[in-house]
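A plain walk through the parts, in running paragraphs, is enough.

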Amino acid sequence: MSVNSLAVGSFYVSRSRSRRGVPPIRMAVRSNIVSVAPFLTKLQRDSATPLPVLRYVADAMTTDMRAGLATDGGSDLKMILSYVDCLPSGNEKGLFYALDLGGTNFRVLRVQLGGKQERVIATEFEQVSIPQELMFGTSEELFDFIASGLANFAKKEGGKFHLPHGRIREIGFTFSFPVKQTSIDSGILIKWTKGFAVSGSAGRDVVACLNEAMERQGLDMRVSALVNDTVGTLAGARYWDDDVMVAVILGTGTNACYVERIDAIPKLRGPESFSGRTIVNTEWGAFSNGIPLTEYDRDMDAASINPGEQIFEKTISGMYLGEIARRVLLKMAEVGDIFGKSVPEKLSTPSALRTPDLCAMQQDNSDDLQSVGSILYNVVGAESSLSARKIVVEASDAIVKRGGHLAGAGIVGILQKMEEDSSGLIFGKRTVVAMDGGLYEHYPQYRRYLKEAVTELLGLEISKNIVIEHSKDGSGIGAALLAATNSKYDHDY
Ligand code: ADP
Ligand code: MG
């Protein structure tokens, strides 16, 4: 679908039927598409990701990874050591918990592991959305909220589960913000991302924060593994499949981790790991090299709580795609009359249009783009002509295409780094990239663009062996598995 094929000029759309979400009145929307088309063209040009751009991004990702592995602070990529050098084997046994603090939700999970034969016997989980005010509150308030959720979850067990005598329940704590890990069960918060601005926790050990909150709740549990969500996803996926080498999260924010050779980490000074390998958390959301940016990205970044930071995250992850689109539509409404003469008031509200809205609009295959019209009306109060809706869909597609393509290029950057260091490790054999996060899970066009970039960059032959696979909620089970492998109690696996 191209704007050039649309009727150009002012025209009217009239509706007389009353449908849910569509104004029942007969209305006339005057869209001046001529005035809007140049904005769409410019957006498409500025956000374009042709193969040379993707190749540049993939190569820059590889280079930045090396710089981050060489020295702390040597690159945009922090390349954080996870202290996970023993991946789940399948032999793990017992009752373990996982606690996941993402960006949107917080989840508690109970997992019964039955060893090689029985594997995962049972899992139960509860999910609570994080109240907006806690994102801007104090560290105590946030951790108290988490600990009380955990306490409620544990209380409901009512003695159903028994631990061997003298043991307290062990938790794998998935914390999806940049942490400088100091051991498998401690780590200092570097900064909040994804819109969080919690006071009193930067520079503190997040496990200590949680332990103190659990104590305040009178809850007798212990964190035995602090894991990033990517690391949890890798561990969870690896439990089922030995070929998993990389994990990527595309949800509210984004991040990736991979299995690295200890001898390929110059900045690591300390005891050799038992296995000679460890998981490195790239914190790739901070990557910024060679990313095509538009005026809308720059404005959004300037208005964000972390200007100049997390540029990769701001172009590819769920928290931002809808907001970029809103800014595009606002401009088209203000300068170009896309929704008629007046600018819909709600369109000026930051974050009014969310990534799931873009996704829903892109699933509309009807001739009159009825759902697109309803969503625009319901979400931002915009009345739209068919041509306006087509432009909205094209603008969304430009933003989502760039996001998916760049995420794919990032994955290729990681894979080629691993292959360069150990020829034959990745290319030429089956390699699995475990994917998770709401954006990847729910946005089919995004997934398609991501895979398209990987195939274009690697070529058909190599990419045939690269399996990009959704590992749903793997991070929860992965964190529980890492709590098991790092249990304080004796175990024989
Ligand atoms: P978190 O990243 O907070 O741990 P998730 O992985 O569940 O949580 O991702 C939630 C994010 O995924 C949302 O903020 C949203 O951006 C994105 N998302 C959720 N549902 C959809 C959808 N239907 N289409 C596109 N994106 C979605
Ligand atoms: Mg998450």
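Predicted model: local features only at pLDDT ≥ 70, side-chain atom pairs only at ≥ 80, totals over all residues.

A polar backbone atom of G438 lies 2.9 Å from an oxygen atom of ligand 1. T104 places a polar backbone atom 2.7 Å from an oxygen atom of ligand 1, and for G318 the distance from a backbone N or O atom to a ligand oxygen is 3.2 Å. Taken on its own, ligand 1 has 560 Å² of accessible area, and the protein covers 75% of that area.

The shell around ligand 1 consists of 15 residues, and G103, T104, T252, G318 and G438 are the closest of them. Three helices each contribute at least two residues to this shell: α9 (318-336), α10 (355-362) and α13 (438-442). By residue class, the shell holds five nonpolar and 10 polar residues, with no charged ones.

The next topic is empty space in the protein. Rolling a probe the size of a water molecule over the atoms shows where such space is left. The second largest pocket has a volume of about 350 Å³. It is lined by 17 residues, and those closest to its centre are D72, M79, L81, K180 and K267. Strands β1 (80-81) and β6 (179-183) each supply at least two residues of this lining. Charged residues are present here: the lining divides into eight nonpolar, four polar and five charged.

The largest cavity has a volume of about 80 Å³. Strands β1, β6 and β8 (221-227) each provide at least two residues of its lining. From β1 come I80 and L81, and the lining also includes F175, F177, V179, Q181, L226, V227 and N281. In the lining of the largest cavity, eight residues are nonpolar, four are polar and none is charged.

Strands of a sheet pair through backbone hydrogen bonds, either parallel or antiparallel. Here six strands form an open sheet in the order β1-β11-β10-β9-β12-β13, with mixed pairing. The edges are β1 and β13 (466-470), each of which pairs on one side only. β1 pairs with β11 (residues 277-281) in the antiparallel sense, over two bridges. Within this pairing, I80 has N281 of β11 as its bridge partner.

Notes: Residues numbered from 1 in each chain as written. Chains lettered and ligands numbered in written order. Heavy atoms only, no water. Near = heavy atom within 4 Å. Polar contact = N/O pair within 3.5 Å; in protein donor to acceptor, adjacent residues only side chain to side chain. Areas by Shrake-Rupley, 256 points an atom, 1.4 Å probe, with all protein chains shown as cover. Helix = DSSP H or I, 4+ residues; strand = E, 2+ residues; numbered from the N terminus. Nonpolar A, V, L, I, M, F, W, Y, C, P; charged D, E, K, R; others polar. 1 Å grid on protein atoms, 1.4 Å probe; cavity = no way out; pocket = protein on both sides within 12 Å on 5 of 7 lines; lining within 4 Å. Points joined across faces, edges and corners; volume = space filled by probe spheres on them. Pairing = 2+ DSSP bridges.
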